[in-house]
Amino acid sequence: MAGVLMAARQRMAHLAQTAGVQINGEPEAADFHRCVGENGEQAPDDRFTLLYAVHGDVPGARHNEVVRRARDVLMKEGLAITVFQEATEAKPYATLSARHPESRYVAAVDSTSGSRMALSVTTPCLVPPSGGGGVRWWSSR
């Protein structure tokens, strides 16, 4: 699972850099969960998902720029945009969500306050590697 966490960190650092977000010193969130089927079933091989998130201090006037830049980067990398909303006076929070069509991971960028944004990635169910090998769940083109 350490390899998956490292890949998530790298992925969000890349997205933050290309979208113009400086990751702040808040603790990262790294939540591993066992995969559960729609009827409550669990596979015996310890399949898991990871939700990983970091935060950045971004002035509210830049939130729309950040989600636009992130959208452009993710689209170039082959992700399909599933949610895109710029902040307006009526809806002051910008949000972006994109899904990779093959590996099915989801990347997101969201306003969390007038001066803060969260960048996150959620993996699909993954099988722990045997023999210490890494789990590859994302790729950049």
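## The sheet

Strand β2, residues 48–57, pairs with β6 in the antiparallel sense, over seven bridges. In this predicted model, Asp57 has Arg116 of β6 as its bridge partner.

The two strands belong to an open sheet of six strands with antiparallel pairing, in the order β1-β2-β6-β5-β4-β3. At the edges are β1 (29–34) and β3, each of which pairs on one side only. From one strand to the next, the twist averages 15°.

Helix α2 covers residues 63–76. Its 14 residues should span 20 Å at 1.5 Å a residue, and the end C-alpha atoms are 20 Å apart, which agrees with that expectation. Just after α2, Gly78 takes a positive phi of about 95°.

Which residues of α2 are buried? They are His63, Asn64, Val66, Val67, Ala70, Val73 and Leu74. An α-helix has 3.6 residues a turn, so residues three or four places apart point the same way. Among the buried residues of α2 are Val66, Ala70, Val73 and Leu74.

What covers the buried residues of α2? The cover includes helix α1 (2–19) and the strands β3 (80–85), β4 (95–99), β5 (106–113) and β6 (116–122).

Terms used:
Residues are numbered from 1 along each chain as its sequence is written. This is a predicted model: local features need pLDDT of at least 70, side-chain atom pairs count only at pLDDT 80 or more; totals for chains, interfaces and linings use all residues. Side-chain values use heavy atoms; hydrogens and water are left out. Helices (H or I, at least four residues) and strands (E, at least two) are DSSP runs, numbered from the N terminus. The expected span of a helix is 1.5 Å times one less than its number of residues. Buried means under 20% relative accessible area, exposed over 50%, partly exposed in between (1.4 Å probe, protein chains only). Contact means heavy atoms within 4.5 Å. Two strands pair if DSSP finds at least two bridges between them. Axes are lines fitted to C-alpha atoms, for helices over the stretch in contact, and angles run from 0 to 180 degrees between N-to-C directions.
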